[in-house]
Amino acid sequence: MVTLKKVAEVLEAQVVSGQELLNRTVSSACGSDMMSDVLAYAKDDAVLLTGLLNVQVVRTADVSDAAALIFVRDKHPENDVLLAARDKNIPVLYTRCTMFEACGRLYGLGLRGCTAKDRK
């Protein structure tokens, strides 16, 4: 288990909201721009990495019980997305890392993803 604070450090991420929740622990990560894949494969308490900027990512993070939402490639969503995440108590972070690099760093930290066979 890894804290969100450690995730933020490893990704050199800016914490936009949810600073008070950085002691949450996570055990996996899900990196995808396809929210249907997140819903199908993400584990509870995973960090969700995405480059999508619409409010649907917050809904997906909420339904999949994600511990945090991390926007890659230094993307910044509109205020409605940030407000929706705040309403759902989902911390939001920005990283300059690409999706590939962010997932690699988190893998090196010990976080794993989820495959179809894990969900059976």
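How many salt bridges does the count come to? In this predicted model, the count comes to six. Here are some close-ups, starting with a helix.

**View 1. The buried side of helix α3.** Helix α3 spans residues 56-63, and Val57, Val58, Thr60 and Ala61 are its buried residues here. They sit on the same side of α3, because they cover an arc of only 160 degrees around the axis. What covers them? The cover includes α2 (35-41), β5 (46-50), β6 (68-71) and α4 (79-87). Just after α3, take a look at Asp65, which has a positive phi of about 55 degrees.

**View 2. Glu9 and Lys6 in helix α1.** These two form a salt bridge, with their closest N and O atoms 3.9 Å apart. They're three residues apart in α1 (residues 4-10), so about one helical turn separates them. Glu9 is partly exposed at 46% relative accessible area, and Lys6 is partly exposed too, at 37%.

**View 3. Glu12 meets Arg105.** Here the closest N and O atoms of the salt bridge are 3.3 Å apart. The pair links distant parts of the chain, 93 residues apart: Glu12 is in the loop between α1 and β2 (14-17), while Arg105 belongs to helix α5 (residues 99-109). Glu12 is exposed, at 62%, whereas Arg105 is partly exposed, at 26%.

**View 4. Arg96 and Asp74, loop to loop.** This salt bridge has its closest N and O atoms 3.9 Å apart. Arg96 lies in the loop between β7 (92-94) and α5, and Asp74 in the loop between β6 and α4, so the pair ties together parts 22 residues apart in sequence. Arg96 is exposed, at 71% relative accessibility, and Asp74 is partly exposed, at 33%.

Methods: Residues numbered from 1 in each chain as written. Predicted model: local features only at pLDDT ≥ 70, side-chain atom pairs only at ≥ 80, totals over all residues. Heavy atoms only, no water. Buried < 20%, exposed > 50% of the residue type's maximum accessible area, 1.4 Å probe, protein only. Helix = DSSP H or I, 4+ residues; strand = E, 2+ residues; numbered from the N terminus. Arc of directions from axis to C-beta. Contact = heavy atoms within 4.5 Å. Salt bridge = Lys/Arg side-chain N within 4 Å of Asp/Glu carboxyl O.
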